[in-house]
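Please open the structure in the viewer and keep the selection panel at hand.

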Amino acid sequence: MTEIKASMAGSVWKLVASEGDEISDGQDIAILESMKMEIPIPAESSGTVKEIKVNEGDFVNEGDVIAIIE
Amino acid sequence: MSTNQTFEDRAKKIAAGGAEKYHNKNSEKGKMFVRERLQLLFDDNIDIEDAFFANCQAEGLPADGVVTGIGKINGEKVCVMANDSTVKAGSWGARTVEKIIRIQETALKLNVPMLYLVDSAGARITDQIEMFPNRRGAGRIFHNQIKLSGRVPQVCLLFGPSAAGGAYIPAFCDIVVMVDGNASMYLGSPRMAEKVIGEKVTLEEMGGANMHCSVSGCGDVLAKDESEAITFARKYLSYFPQSYRELPKKAESLQPAPFEKTIEELIPENQNAPFDMYHLIQRLVDEESFCEIKKKFAPELITGLSRIEGRPVGILANQPRAKGGVLFPDSADKAAKFIQLCDAFNIPLLFLADIPGFMIGTKVERAGIIRHGAKMLSAMSEATVPKISVIVRKAYGAGLYAMAGPAFEPDACLALPSAQIAVMGPEAAVNAVYANKIEALPEEERPAFIKEKQEEYKENIDIYRLASEMVIDDIVQPNRLREELAVRYEAYESKDVTFTERKHGVYPV
């Protein structure tokens, strides 16, 4: 089980994966918006998205868990 | 027994290192014997070895646990010290320390690179009076490293532990290559941490190779095994001159690796959308010449050595794929060290800017982003090697300054036709300037108003306007960028300037 964490503070602009999705290492899970930039948050391992911990529009701090991959 | 037999017996014993059980223990961990490492490192083998017989009258301390001498890498002389961890875990006694000091002094006299192959448990406590506090005690090793810094390249290959005071050897090197799983660096071991401060932690978490190469930044390159670390060191040195007095060696010019998309197709029109800066670098540099440093640390800024038409060039590039390419305290530090490294050894610099600025918010202010950013600006500003900045897409705010903007005397500030240079991007600027007005408008009128103002703003910072005002020196078509850089670096080769006259600056650290 791996936690996918926000790489920087910002708001969740788009969730591009859903719970139950099979994803591969490096595939984007979510896109944050921060500093007026789109910040892709990729998975760091392959697996199934077990849980998505945030909603679109939420503010997240650096290190906050965005999703859990199993 | 004849004198010759005595010599041969002794020499054989010393060359074999410590007891067999320690050799076996090392092999189990994928560690090579120190003399095998050296054989792999040098073109042939070690050419000159001094104090081979150090401490030969003591039992079980062959060469006093360290090999020091001179060999050749890529046909060039280098000095080396290499711990033998089969001898008392590579610990330092009085003669170990003296041997290291002497080979450093040799590197200084000969003006050749100094390599440290570290695999050592630290000081031999039983010998502390002889090896620790005095004028030629272990402190002198670090003093010498500091003196050698910037004169000759200093490379550390970390194969095992580098504990307590010994951890400063990597700290003072230009580059630290760590072998995953075996290399570690720490001031106090996990056992000590538990006893003294009550923390329970594993060695890997506290001072392992992966941690140092991705979190602390004390490691630069994570190697999967010893031979990968050694291969890296040989490649790394090929970009460097023997000392600060020489220019780096040129290699045969090679075309970039083949690619499908052109630079133009690669860069999204939407300034805020990410793209992978590695793909641009790949299109500018000679095939397989990109040698990345600190890949896993602060990935929002890419730093690496490369060749453009055979000429070594140090590249700093914002990576929009990671943290939007925004600069953070760690990326500013990473930049400062890399710029100093290249400038010290006459390697020209290339800044590829696609930067929204420095990060804002409580977290980074508390981390001292202002002083870290100032460190980067100082190093960049003081660098007197040929430096070219290319505005790839955007350079906003202090980001323009940090990436060798026009005020910092780059030899050229170039821009691609789609580039934007401004205090801030259109969205942020319109929000800042018209916040009250936007608020006062009925909601349905806001989007049209914002769009109109953003368009006005974009016209105001149009790249042809900036070229007309001579803010930038040229607009370059993306498919001509490599050629343009090559011709400019050639022209700037005779650059000869002194930054300013003084003892040294008072650096923001």
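In this predicted model, begin by selecting residues 329-344 of chain B, which form helix α14, together with residues 369-382 of chain B, which form helix α16. The axes of these two helices come within 8 Å and cross at roughly 20°. Because angles under 35 degrees count as roughly parallel, α14(B) is described as roughly parallel to α16(B). The crossing of the pair is left-handed.

Next, display the side chains where the two helices touch. On α14(B), select B:Pro329, B:Ala332, B:Asp333, B:Ala335, B:Ala336, B:Ile339 and B:Gln340. On α16(B), the partners in the contact are B:Ile369, B:His372, B:Gly373, B:Lys375, B:Met376, B:Ala379 and B:Met380. Colouring this contact by residue class shows 9 nonpolar, 3 polar and 2 charged residues.

Now widen the view to the domains of chain B. Select residues 3-237 for domain 1, and then 263-421 together with 462-494 for domain 2, as given by the domain assignment. The C-alpha centres of domain 1 and domain 2 of chain B lie 35 Å apart. Where the two domains meet, domain 1 of chain B supplies 12 residues to the contact and domain 2 of chain B supplies 11.

Finally, turn to the side of domain 1 of chain B that touches domain 2. Which elements give two or more residues to this side? They are α10 (209-216), β8 (221-223) and α11 (226-237) of chain B. By class, this side of domain 1 of chain B has 6 nonpolar, 3 polar and 3 charged residues.

Key:
Residues are numbered from 1 along each chain as its sequence is written. Chains are lettered from A and ligands numbered from 1 in the order in which they are written. This is a predicted model: local features need pLDDT of at least 70, side-chain atom pairs count only at pLDDT 80 or more; totals for chains, interfaces and linings use all residues. Domain bounds come from an automatic or database domain assignment. Two residues are in contact if their C-beta atoms, placed from the backbone, lie within 7 Å. Helices (H or I, at least four residues) and strands (E, at least two) are DSSP runs, numbered from the N terminus. Ala, Val, Leu, Ile, Met, Phe, Trp, Tyr, Cys and Pro count as nonpolar, Asp, Glu, Lys and Arg as charged, and the others, Gly among them, as polar. Axes are lines fitted to C-alpha atoms, for helices over the stretch in contact, and angles run from 0 to 180 degrees between N-to-C directions. Angles under 35 degrees count as roughly parallel, over 145 as roughly antiparallel, 65 to 115 as roughly perpendicular and the rest as oblique. A crossing is left-handed if the near helix is turned anticlockwise from the far one by less than a right angle, and right-handed if clockwise.
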